[in-house]
Amino acid sequence: MILLISDLHLQEERPDITRAFLDFLAGRARAASALYILGDFFEAWIGDDAMTPYQQSICAALRSLADSGVTIFLMHGNRDFLLGKAFCKAAGCTLLEDPTRVDFNGQPVLLMHGDSLCTRDEAYMRLRRYLRHPITLWILRHLPLRTRHKLARKLRSESKAQTRMKANDIVDVTAEEVPRIMQQYGVDTLIHGHTHRPAIHKLTVADQPARRIVLGDWDRQGWALQVDEQGYSLAAFDFGTDVIGADRPGIGSTEIRNG
Ligand code: MN
């Protein structure tokens, strides 16, 4: 059984989400062979050398899951793209490129964070190309901590202000970009997060039936996608219900199944 989550936006200011995630790690995730975290795991990340005690406790919790035998894969989101090798080593995670093609149940599947699918947001795509450039990344990682904190705050407030102004369809994925990238990677299943619009969409790629599974963000409830022999099950769960020993995922909440 494989679990996929994204967009937890973990931060010290949200003890409810943090608690729910630690419960998830200590409970349901222990039964998985692999856990995939597809970006925006942390609300903000300014560098592995600047880990707060809070972030270290999350790192230790991941490590404990990894040590129990669960393989953990981590992909960058637009909030935590500075997560680096030092964190992954300490947390026992493997960093994944965006996109990455994997095999689930013998079928090729494409994993992405999802921000790169929002191609109509040209200003963001430009900023993304700039921020993810190896030279920019090197400079960012070598700036003094105070400067990095200031920059991170500026980027977050600008992103919030702009998201409010942007039309709804600009901050969602570009419809034509989805089949294009799926065809490029030869998959009929795409899994991503970022848009906070959990759903299983049916579509056609190269005249074949295909699906796009969008993971949900953790805000008022948690979301996880489970992949097992039965297929794909995307379900929300209320915080506090996914406790240690719970053997049923998605207690009393939304569930979307797709074989
Ligand atoms: Mn995102």
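**Aromatic pairs, cysteines and the manganese site**

Phe41 and Phe42 are both buried. The model discussed here is predicted.

Student: Which kind of aromatic pair do Phe41 and Phe42 form?

Tutor: A pair of aromatic rings is described by the distance of the centres and the angle of the planes. For Phe41 and Phe42 the centres are 4.8 Å apart and the planes stand at 65°. An angle over 60 degrees counts as edge-to-face, so the pair of Phe41 and Phe42 is edge-to-face.

Student: How many residues apart in sequence are the parts that the pair of Phe42 and Phe87 ties together?

Tutor: Phe42 and Phe87 are also an edge-to-face pair, at 5.8 Å between centres and 85° between planes. Phe42 has a relative accessible area of 0%, and Phe87 is likewise at 0%. Phe42 sits in the loop between strand E2 (34-38) and helix H2 (53-67), while Phe87 belongs to helix H3 (residues 85-91), so the parts tied together are 45 residues apart.

Student: How many aromatic pairs does a search of the whole structure find?

Tutor: Ring pairs join several residues into a cluster, among them Phe42, Trp45, Trp218 and Phe239. Over the whole structure, the number of aromatic pairs is twelve.

Student: Over the face of which residue does Arg211 lie?

Tutor: A charge counts as over a ring when CZ of Arg is within 6 Å of the ring centre and within 35 degrees of the ring normal. Arg211 is 4.1 Å from the ring centre in question, and that ring belongs to Tyr232.

Student: How many disulfides are there?

Tutor: A disulfide needs two cysteine sulfur atoms within 2.5 Å. For Cys88, the nearest cysteine sulfur is that of Cys93, 5.5 Å away, and Cys88 is in no disulfide. Cys93 is in no disulfide either, its nearest cysteine sulfur being that of Cys88. The count of disulfides is zero.

Student: Is Cys88 buried or exposed?

Tutor: Buried means under 20% relative accessible area. Cys88 has 5% relative accessibility, so Cys88 counts as buried.

Student: Which residues coordinate the manganese ion?

Tutor: The donor residues follow the spacing D-x37-N-x34-H-x80-H in sequence. Asp40, in the loop between E2 and H2, and Asn78, in the loop between strand E3 (71-75) and H3, link distant parts of the chain, 38 residues apart. Both Asp40 and Asn78 are buried. At 2.0 to 2.2 Å, the manganese ion is coordinated by Asp40 (OD), Asn78 (OD1), His113 (NE2) and His194 (ND1).

Conventions
Residues numbered from 1 in each chain as written. Predicted model: local features only at pLDDT ≥ 70, side-chain atom pairs only at ≥ 80, totals over all residues. Heavy atoms only, no water. Buried < 20%, exposed > 50% of the residue type's maximum accessible area, 1.4 Å probe, protein only. Phe/Tyr/Trp six-rings, centres within 6.5 Å; stacked < 30°, edge-to-face > 60°. Helix = DSSP H or I, 4+ residues; strand = E, 2+ residues; numbered from the N terminus. Donors = N, O, S within 2.8 Å, 3.2 Å for Na, K, Ca; no water.
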